[in-house]
Amino acid sequence: MNVSRPALLGGAKALPAELPAYRSIGAEEEAAALRVLRHGTLSAFFGSVGDNFLGGREVRAFEAAWSERFRIRHSVSVNSGTSGLIAAVGACGVGPGDEVVVPPFTMSASAACIRAWGATPVFADVRRDTFTLEPQSVERVLGPRTRALIAVNLMGQPADVDELLALARPRGIRVIEDNAQSPGALYKGRFAGTLADIGVFSLNCHKTIQTGEGGVCCTDDADLALRLQLIRNHGEAVVRELGYANRPEQILGFNFRLGEVEAAIGRAQLEKLERLTAPRVRIAQALDERLAGLPGLRTPVLAADRTHVYYTYSLTLDPETAGLSRRTVVRALLAEGVPCFEGYCEPLYLQPLYAADWPGKDRRYGAGLCPVSEDLFARTLFFHVLLYAEVERFVPAIGDAFAKIWGAREALAALEDDGARALRRR
Ligand SMILES: *Cc1c(COP(=O)(O)O)cnc(C)c1O
């Protein structure tokens, strides 16, 4: 057995077994869920003015814990991060004819929430190193109709929030953070998701902390908090009684309410955030060290003044320098037993949703709009395993897999078909 030969060339696999699954749910969550089940109230929301407009005791306790943990005045729980984004855009008063700036290199809900209110998403490109909004690209697309801006804190790292706020504040533009992927990350000592007008967290099962489905919106602004609460819970039915009916934009509410079981689990998960994040950071640092110096490979870049909580660990390949296309690298890693895939999200403006027409649409969404996002997706960025404690003992083997592949680059390049070879050239 030749251990230094890549598995793709007939060598032994670097990883002997499949990576274990992420497991963040334990006795604490079980006890929390049982407490609610024994009490018997699975939701205590009422869609009318009164005590229960803001939900039951678990929902309120969860929101209070969330506000304390992230040092923010108001936390409004919702039934998903997507619901939270829709509520946030609505709370900012966005409607038909308005434009909202958003990156295209993100999960689809980051931009779909804009279309939910009939407004027009305007895509600005991302930084090649951190994958978050590039402030100069944002500045170029601002106009008289720009009403809000959605900064996505992608992969575990906060965006350039101060630069974005400096663009937005003088123009009266609202800033929303999509913080689904970065709970607990710090920006200049403050928590991601609490840095702008509204921060939106996801508690989806794929996220670092989860309730299966769920989310939270955070704000320091009492009026925005009220609007989030109204949009969450059929607000159109209560605005008159609340004396809120004469506002320029009417409230359109939904049922975005989180259940009591999920809220109780969420409180237990929140207490584990630190514990669930620490191994991710350790694994990332170990991989950074192990993969440093491999030609054409770049480990995640941490921008100044912030921390990274490594929802994912993503690598960028310069195929010319590496002498290998990304397709070949990923094929070779998969053969070693390292789970990974090419690209991340196809730039959102290429989705059919943006090809369709809507009233007031005067933006073009063709290829070429955000070249960095397109290049990351098509050619250079690839995803490594999601990081979590269960994966930690496999880090040396993952490092070996890369070393084997990089040591046999010429032999692997010889395997490439014309398509893969073309991807190597810019
Ligand atoms: C997961 C995610 C969302 C959506 O959250 P859900 O709770 O799944 O609805 C939004 N934005 C980003 C960047 C995400 O990763």
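Residues are numbered from 1 along each chain as its sequence is written, and side-chain values use heavy atoms, with hydrogens and water left out. Because the model is predicted, local features need pLDDT of at least 70 and side-chain atom pairs count only at pLDDT 80 or more, while totals for chains, interfaces and linings use all residues.

Helix α3 spans residues 81-91; helices (H or I, at least four residues) and strands (E, at least two) are DSSP runs, numbered from the N terminus. Of the 11 residues in α3, 10 are buried, so the helix is largely enclosed by the rest of the structure. Buried means under 20% relative accessible area, exposed over 50%, and partly exposed in between, with a 1.4 Å probe and protein chains only. Among the buried residues of α3 are Gly81, Leu85, Ile86 and Val89. At the N-terminal end, Ser80 caps α3, with a side-chain oxygen 3.2 Å from the backbone nitrogen of Thr82. Gly93, which follows α3, has a positive phi, near 75°.

Gly253 is placed in the loop between α8 (239-242) and α9 (260-291). This glycine is buried, with a relative accessible area of 10%. Gly253 and Ala87 are 166 residues apart in sequence, yet their C-alpha atoms are 8.6 Å apart in space. Neighbours within four places in sequence aside, Gly253 is in contact (heavy atoms within 4.5 Å) with Leu230, Ile231, His234, Gly235 and Glu236.

The structure holds 16 aromatic pairs. Rings of Phe, Tyr and Trp (its six-membered ring) pair if their centres lie within 6.5 Å; planes under 30 degrees apart count as stacked, over 60 as edge-to-face and the rest as tilted. One of these pairs, Phe123 with Tyr365, is edge-to-face, at 5.7 Å centre to centre and 80° between the planes. The pair links distant parts of the chain, 242 residues apart: Phe123 is in strand β3 (residues 120-123), and Tyr365 is in the loop between α12 (352-355) and α13 (371-380). Phe123 is buried, with a relative accessible area of 5%, and Tyr365 is buried at 9%. Phe62, Trp66, Phe70, Phe191 and Phe201 form one aromatic cluster.

Two charged residues are placed over the ring of Trp358. A charge sits over a ring if NZ of Lys or CZ of Arg is within 6 Å of the ring centre and within 35 degrees of the ring normal. Arg115 lies over the face of Trp358 at 3.9 Å from the ring centre, and the charged end of Lys361 sits 4.8 Å from the centre of the Trp358 ring.

Methods:
A polar contact is a pair of N or O atoms within 3.5 Å; within protein, one must be able to donate a hydrogen and the other to accept it, and residues adjacent in sequence count only if both atoms are side-chain atoms.
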